[in-house]
Amino acid sequence: MTDNDAFFQTENTDEETQGRTHAVLQQHGWAPADDRFSGPCAALLRGFLRQDASTDLATLLPRAQEFVDRPRPFLPSPSQSLDPSRVIVYDPGRTVIWVDPKRIFPSPGREFQDRGDWTEAEEPTEFRNEPVLGLAEFARRIATERGDLAGLTRLLGPEGEAAHVDLDAWETPLGAFFRVNINGNHRSTAFAILGAPCIPATVQWHLGPFHASASMNAADDELLYSYRALLHSYGVASYPDPEDIGTYDDRIFSDWPFLIDSADSAVQSLAVMEQTVGRRHYAPIGRLPREVFDDADALIAAGKRTRKVLERNQRWIETGGFRELLRAAVSGR
């Protein structure tokens with residue numbers, strides 16, 4: 001599907017195909033908007049809205065509160081020292097895909113505003129200061145339409161236009177996660193409150209290199225150095241300058257982009273991601289056990305121990321130990 005195609009004209013009602021598509025959305029967080037997935041995704045969304053979406057405000061209000069209160073994970077910006085047009089990534093352009101709305105986080109630094117049924121341009125907007133109520137009412141209005149094609153295209157992209165949800169995207173071993181870029185905070189959250197399986201969105205992928213925050217004082221430098229040295233040494237992330245790993249905040253590569261900043265943000269972000277996908281990650285992260293990421297202090301302590309070993313090895317090399325080892329190897333001793 002291209003940006004100029006209608007999203008819902010190829011609805012596929014085959015239950016087996018829809019089941020496989022739903023499994024892809026649950027595992028990866030998204031599905032391509034192509035001939036294979038667009039029909040089943042459209043059918044999943046419209047079928048959910050027709051049959052399962054709640055219109056009960058008492059049910060929707062606590063769900064809205066949960067999404068408003070949900071912690072926002074660290075998601076890195078692209079590297080600042082490289083020309084984005086020269087960096088080869090998964091998809092250097094923006095593309096339309098189907099996204100699981102519960103994996104979408106709001107724009108950074110922006111709070112929800114109470115706009116009521118703000119998508120109805122012909123109706124006056126009632127400005128209040130109750131964003132949770134406004135989101136719940138918006139979700140109820142979407143559910144009340146029961147998958148009406150005209151309503152969906154008005155909300156999510158009329159024929160001939162791109163989706164009205166614009167996202168940044170990061171791939172991880174837990175699947176993809178998304179953050180609103182230009183437009184879509186209220187739309188994506190309202191569909192997530194309902195529990196919708198997917199919505200179409202326009203996406204910009206970010207697969208690295210990444211930019212992380214820089215420390216502001218010596219105490220923070222020490223913590224960042226210990227944590228990032230641990231990630232660098234155990235294959236979780238690659239920082240460009242191991243000698244200045246505590247303060248160097250650019251050109252970072254990792255399959256775990258939400259872990260690269262600090263121990264505190266890593267612990268919170270991993271917990272949020274696991275809660276979002278509904279499963280705990282039991283496999284190692286790099287060469288580190290998953291359990292160490294339950295405690296920021298444990299990560300810092302492990303980083304300090306790693307630094308001591310690295311410093312001891314460096315002194316050994318600098319004092320000639322490595323040269324003696326080479327001589328022994330060459331001589332056959």
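Student: Before we start, what does "buried" mean here?
Tutor: A residue is called buried when its relative accessible area is under 20%, exposed when that value is over 50%, and partly exposed in between. Keep in mind as we go that this is a predicted model.

Student: Let's pick a helix. How many residues of H4 are buried?
Tutor: In H4, 11 of the 14 residues are buried, so this helix is largely enclosed by the rest of the structure. Among the buried ones are Val132, Leu133, Glu137, Phe138 and Arg141.

Student: Which helices do those buried residues pack against?
Tutor: The buried residues of H4 pack against helix H2 (38-51), helix H3 (57-69), helix H5 (149-156) and helix H6 (185-194).

Student: What span should H4 have, going by its residues?
Tutor: H4 covers residues 131-144, and at 1.5 Å a residue its 14 residues should span 20 Å, which agrees with its end C-alpha atoms being 20 Å apart.

Student: You mentioned H6. How many of its residues are buried?
Tutor: For H6 the count is 10 of the 10 residues, so H6 is largely enclosed by the rest of the structure. Its buried residues include Asn185, His186, Ser188 and Phe191, and the helix is followed by Gly195, whose phi is positive, near 90 degrees.

Student: How do the axes of H4 and H6 cross?
Tutor: Their axes come within 9 Å and cross at roughly 70 degrees. An angle from 65 to 115 degrees counts as roughly perpendicular, and H4 and H6 are therefore roughly perpendicular to each other. On the H4 side the contact is made by Leu135, Phe138, Ala139, Ile142 and Ala143, while H6 contributes His186, Arg187, Thr189, Ala190, Phe191, Ile193 and Leu194.

Student: Switching to strands, which ones pair with S5?
Tutor: S5 and strand S7 (residues 199-205) pair in the parallel sense over 4 bridges, with Asp166 standing opposite Thr202 in S7. S5 also pairs with strand S6 (residues 175-180), here in the antiparallel sense over 6 bridges, and the bridge partner of Glu171 in S6 is Ala176.

Student: How many residues sit between S5 and S6?
Tutor: There are 2 residues between them, and the two strands form a hairpin.

Student: New topic: which residues other than glycine have a positive phi?
Tutor: Arg146 is one of them, with a phi near 55 degrees, and Arg251 is another, with a positive phi of about 55 degrees. Most residues other than glycine have a negative phi.

Student: Where are those two?
Tutor: Arg146 is in the loop between H4 and H5, and at 31% relative accessibility it counts as partly exposed. Arg251 lies in the loop between strand S9 (237-238) and strand S10 (253-254), and at 34% relative accessibility Arg251 counts as partly exposed.

Student: Last one: is the peptide bond from Gly208 to Pro209 cis or trans?
Tutor: That bond is cis, with omega near 5 degrees, and Pro209 is in the loop between S7 and strand S8 (210-211).

Note on methods:
Residues numbered from 1 in each chain as written. Predicted model: local features only at pLDDT ≥ 70, side-chain atom pairs only at ≥ 80, totals over all residues. Heavy atoms only, no water. Expected span 1.5 Å × (residues − 1). Buried < 20%, exposed > 50% of the residue type's maximum accessible area, 1.4 Å probe, protein only. Contact = heavy atoms within 4.5 Å. Pairing = 2+ DSSP bridges. Axes fitted to C-alpha atoms, helices over the stretch in contact; angles between N-to-C directions. Parallel < 35°, antiparallel > 145°, perpendicular 65-115°, else oblique.
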